[in-house]
Amino acid sequence: MIKFTRNLEFQIIKKLAGGINSQVYKIQRKNGFSVLKIYPQKNGEERCEREIQYYKFLEKIREYRTPKLIQYNIEERWSEMEYIEGMPPKELDIETINETI
């Protein structure tokens, strides 16, 4: 189990599928839902840092079709992001791909 240096009050709602390199949870906080991502001990800091840099880059270029990064701690290997309601697409067509480029 991960130990947080900050007092993060939340309730885990459910573990989300799809976290290949990390554990991903839908959590509930006082102000609503968000996603808590916990990176593995092996190479976890590096993976966390790379992903944080990517989200900061997306924000810098004003790409807002991704979850917003709320907070993170690279040394403790976790990040919290905005929860987006919905379902992943079952298949990708050329229109969907062009929409994301």
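User: Is Y54 buried, partly exposed or exposed, and at what relative accessibility?

Analyst: This is a predicted model. Partly exposed covers the range between the buried limit of 20% and the exposed limit of 50%. Y54 has 48% relative accessibility, so Y54 counts as partly exposed.

User: And what about Y55: buried or exposed?

Analyst: Buried means under 20% relative accessible area. Y55 has a relative accessible area of 15%, so Y55 is buried.

User: How should I read the aromatic pairs, and how many does the structure hold?

Analyst: Ring planes over 60 degrees apart count as edge-to-face. The structure holds two aromatic pairs. One of them joins Y54 and Y55, with 6.1 Å centre to centre and 70 degrees between the planes, an edge-to-face arrangement.

User: Where does the charged end of K26 sit?

Analyst: The charged end of K26 lies over the ring of F33, at 4.3 Å from the ring centre.

User: Which elements make up the protein chain, and in what order do they run?

Analyst: The protein chain has two helices and five strands. Read from the N terminus, the order is β-β-β-α-β-β-α.

User: What share of the protein chain is buried?

Analyst: Of the 101 residues in the protein chain, 30% are buried. The accessible surface of the chain is about 8000 Å², and carbon and sulfur atoms account for 50% of that surface.

User: What share of the contacts join residues at least 24 apart?

Analyst: The count takes contacts in the protein chain between residues at least 6 apart in sequence; 44% of these join residues at least 24 apart.

Note on methods:
Residues numbered from 1 in each chain as written. Predicted model: local features only at pLDDT ≥ 70, side-chain atom pairs only at ≥ 80, totals over all residues. Heavy atoms only, no water. Helix = DSSP H or I, 4+ residues; strand = E, 2+ residues; numbered from the N terminus. Buried < 20%, exposed > 50% of the residue type's maximum accessible area, 1.4 Å probe, protein only. Contact = heavy atoms within 4.5 Å. Areas by Shrake-Rupley, 256 points an atom, 1.4 Å probe, with all protein chains shown as cover. Phe/Tyr/Trp six-rings, centres within 6.5 Å; stacked < 30°, edge-to-face > 60°. Lys NZ or Arg CZ within 6 Å of the ring centre and 35° of its normal.
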